[in-house]
Amino acid sequence: MSGQELLSTYELSLEDFQQEFDPKIFIQKLTSPLFSLATDDKKNDDAKDFDPRPYQQLFENAIDQLHVLRQQVDEDIRGLIANTKMAENDHKAQLKELNSKFHMILHKFQHLDQRISKVSHTAVRTGQQLESVDQNRRKTNDGKRTIRQFLEFNTGKKDKIDPIFRGESSDNQLAKAARQIQKLKKIADEIQSDKTSKATALIHETAKSIEKKLLKRFMAEMDANNLKRMKDLAKTLWCFEKKQVVVDYVRRVVETVPEPETEMKGLSAIPPSVFRDKSKQFYALIIKRCKEWFRVIGRVFPNPIYVTVQVLKKLFNDRIKLFISLAVERSDGIGDYLQVLEMAHTQTVRAAKEIESHKNNLALSLAEAQSSARGLGIHVDKSSMRLAGRGNPSMSSTAESNAN
């Protein structure tokens, strides 16, 4: 095969340049047929001097093919560029259209949100107006009922008054009657007229009757140790001015401490050694009782500080003072007198400090008491509570005034 025939059969393609390109390998691959032909000529003893024309023709033919491939590649690139620009234009058009639709949807949502906000504001205003109307309606109905009840009381006849104020009722109905009778008492006290004297007298009489019923139930629940019902009843009884529930409760709890005359019974003379033992027993019982009382008071009464003040006052006046007085009176001689007096002072101070250490039993329920007291317009301040004093375990005057 001649060199011309080899050149005519060899063609370059893009595949020759798609892999990693090495010029040496490419030239070797391009010229290898000519080297094969030269080797065959030497074997046939037809070898002549080196002829460069076949290589020239080979490279010229390769260059021509490379130009053709380049034109083909350029054409493909131009086609791809054109297609890319068309795709890019289409993409931009789609983005513009989507952006326009997005803004339109956003505008619609904003408009919808404004409408929803407007409707919600309207609904809130409507609800407030309805609530105001309902409150006014309830106030009007309450006013009408109060006027009607006052006129019924002004007849002076018990059988004419509202049944809620007569007979035995449930705790809830009795609580409603207590609140309503307080309103009527305020009206009667403000009017103070001869024309309403019957109403005033009957209202006060009915208020006392309701309070007695509530007190009776409170004491029954106290005997049963039902703190929940005691709390409900105490909250209702607290609206009565004289706080009779506190008076009765204080009297009942202090009665659980034996009277000093009983402790000293049969002792015509009390030497210091006997008084020491008696006073230890006496104050130990008082401390124990105070611990129990504080726990109940804190869970039952709307203002536990006020109730505690009254309990400690009565305890000191009715028990401790009398206990010390009897012991001093029955002392034999000035020496025993002074020793008993000193022991009494020491034991009283020690008991006062011990009682103060148990005030946490009262404070544990103070938060709950404050919650109940707020509904009655009462201020309960834990920081103002002091349960200890020298010789007189009572509250400070500030705490007492706040409680009242």
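Author: Contact here means heavy atoms within 4.5 Å. The model is predicted.

Reader: What is isoleucine 286 in contact with, leaving aside its neighbours within four places in sequence?

Author: Val257, Leu315, Ile320 and Ile355 are in contact with isoleucine 286 on that basis. Ile286 is also listed among the residues with the most contacts inside the largest nonpolar core, which has 64 residues. Helix 10 (304-329) is one of the helices that supply at least two residues of this core, and the largest share, 12 residues, comes from helix 10. Apart from this core lies another, of eight residues, including Phe26 and Leu58.

Reader: Why is cysteine 290 called buried?

Author: Buried means under 20% relative accessible area. Cysteine 290 has a relative accessibility of 1%, so it counts as buried.

Reader: Why is cysteine 239 called partly exposed?

Author: Its relative accessible area is 27%. Partly exposed covers values between the 20% limit for buried and the 50% limit for exposed, so cysteine 239 is partly exposed.

Reader: How many disulfides does a search of the whole structure find?

Author: The search finds zero. A disulfide would need a pair of cysteine sulfur atoms within 2.5 Å.

Reader: What makes Lys185 and Phe240 lining residues of the second largest pocket?

Author: A lining residue has an atom within 4 Å of a pocket point, and Lys185 and Phe240 are both in the lining. That pocket has a volume of about 310 Å³. Its lining divides into three nonpolar, two polar and seven charged residues. Helix 5 (197-223) gives the most to the lining, with six residues.

Key:
Residues numbered from 1 in each chain as written. Predicted model: local features only at pLDDT ≥ 70, side-chain atom pairs only at ≥ 80, totals over all residues. Heavy atoms only, no water. 1 Å grid on protein atoms, 1.4 Å probe; cavity = no way out; pocket = protein on both sides within 12 Å on 5 of 7 lines; lining within 4 Å. Points joined across faces, edges and corners; volume = space filled by probe spheres on them. Helix = DSSP H or I, 4+ residues; strand = E, 2+ residues; numbered from the N terminus. Nonpolar A, V, L, I, M, F, W, Y, C, P; charged D, E, K, R; others polar. Buried < 20%, exposed > 50% of the residue type's maximum accessible area, 1.4 Å probe, protein only. Core = buried A, V, L, I, M, F, W, Y, C linked by side-chain atoms within 4.5 Å.
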